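Hi there,

Here is the structure I promised to pass on to you. Have a look at it first, and then read my notes below.

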Amino acid sequence: MTYKILILPGDGIGPEIVEQARRVAGWYAKNRNFGFTTEEDLVGGISYETHGDPATDAMMKKALAADAVLFGAVGGPQWDKLPFDKKPERGLLRLRGDLKLFANLRPALCFDALKDASTLKPEIVSGLDILIVRELTGGVYFGQPKETTTLPDGQKRAVDTQVYTTGEIERIARVAFELARLRGKRVASVEKSNVMVTGALWRDVVHRVHDAQFRDVQLTDILADNCAMQLVRAPKQLDVILTDNLFGDILSDEAAQLTGSIGMLPSASLGAKGANGRQPALYEPIHGSAPDIAGQGLANPIATILSFGMCLRYSFGRVEDATLLDKAVERVLAEGYRTGDIMQPGMTKVGTSGMTDAILKALDGLS
Ligand code: NAD
């Protein structure tokens, strides 16, 4: 089977890190009989500069036809003052919206070799393995009205709207319960049902889905503020965190910090399986375009390489190949290779392509 991957490097460090994932994909093509074709296109600031639009219709057409999209990062200070609909980040939001990617999966995994790099005590994070399942296409980022008006007295008034429907909550809850079955069989559902009606509906619907189909999975409710606290107090009590768009955005960055560096963390965004069995999917590192280190060969490529690993696992069903990549990364870290963001005394400092060289060598050794 030949898979079609659309590569969207984007801005800042995007092109450098995506190139490393491409090298890893090449290794799989050569050594593991992984058949794929790639197309590449522009997104974000570079697309705005070239076409006047952060996500063109032509690029979207390619994304809709691909088996998976591999995305780098978008944004940079030179585009900060653009109107809202031209900002680079709108490119990513359009991809998520048009591909209907409602489920965002973010693992927060602490590699043993990096437990000292976390700002928390090693015993708190060692062995940490959390999966955050965030609803991605609803909630306050998309709810209407979303506007700023001027009041008669000259003040401005800005409104965002938090909105969820039963169906939106049901489908993301199912994703979380199904993934929990493949892991520790525990789901913590996170909302603010004490002060928000959307939170109360969230809690009701999640329990209904659980009671109907997933009684074998343990379900706990946690208020979002308490979850933020538990993540730094005792994160290992958590297995799968199921939450909405806004809380998921915040909690997943907090969880990222537990693991030492955002340069390490991949993500997957999935849509609903169509009648033809195809499931739209976009894979990307959780970090941004890191303009401060762009073009210098310093970026940590591991988050993007592991995003390709998630693509192998979730889009192409190549679980063994994905596990092999996790092991290669683990080995390279255990051998002491570090990019600047995760550097520790006594370790070997490497750049973006040096880290990939080491991972490719580890893949050779492990396969
Ligand atoms: P950022 O994630 O780009 O960078 C935060 C810090 O982490 C920086 O010091 C950066 O050097 C470092 N960092 C990030 N990725 C790294 C890597 N792979 N290796 C080593 N160090 C790394 O966040 P920011 O600085 O808040 O945002 C920069 C730009 O990226 C902004 O324009 C923002 O809007 C955009 N952004 C894009 C996305 C996305 O494309 N998905 C996500 C977040 C931010």
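Two residues count as being in contact when they have heavy atoms within 4.5 Å. Please keep in mind that this is a predicted model, where local features need pLDDT of at least 70, side-chain atom pairs count only at pLDDT 80 or more, and totals for chains, interfaces and linings use all residues. Residues are numbered from 1 along each chain as its sequence is written, and side-chain values use heavy atoms, with hydrogens and water left out.

Let's start with Ala 362. This residue sits in helix α12, residues 352-366 (helices are DSSP runs of H or I with at least four residues, strands are runs of E with at least two, and both are numbered from the N terminus). Apart from neighbours within four places in sequence, Ala 362 touches Ala 328, Arg 331 and Val 332. Its relative accessible area is 4%, so Ala 362 is buried (under 20%; over 50% is exposed and in between is partly exposed, with a 1.4 Å probe and protein chains only).

Now for the aromatic rings. There are nine aromatic pairs in the structure; rings of Phe, Tyr and Trp (its six-membered ring) pair if their centres lie within 6.5 Å, and planes under 30 degrees apart are stacked, over 60 edge-to-face and the rest tilted. Phe 34 and Phe 36 are stacked, because their centres are 5.0 Å apart and their planes are at 25°. Phe 34 and Phe 316 have centres 5.5 Å apart and planes at 40°, so that pair is tilted. Phe 34 lies in the loop between α1 (14-31) and β2 (35-40) and Phe 316 in the loop between α10 (302-314) and α11 (319-334), so they tie together parts 282 residues apart in sequence.

Enjoy exploring!
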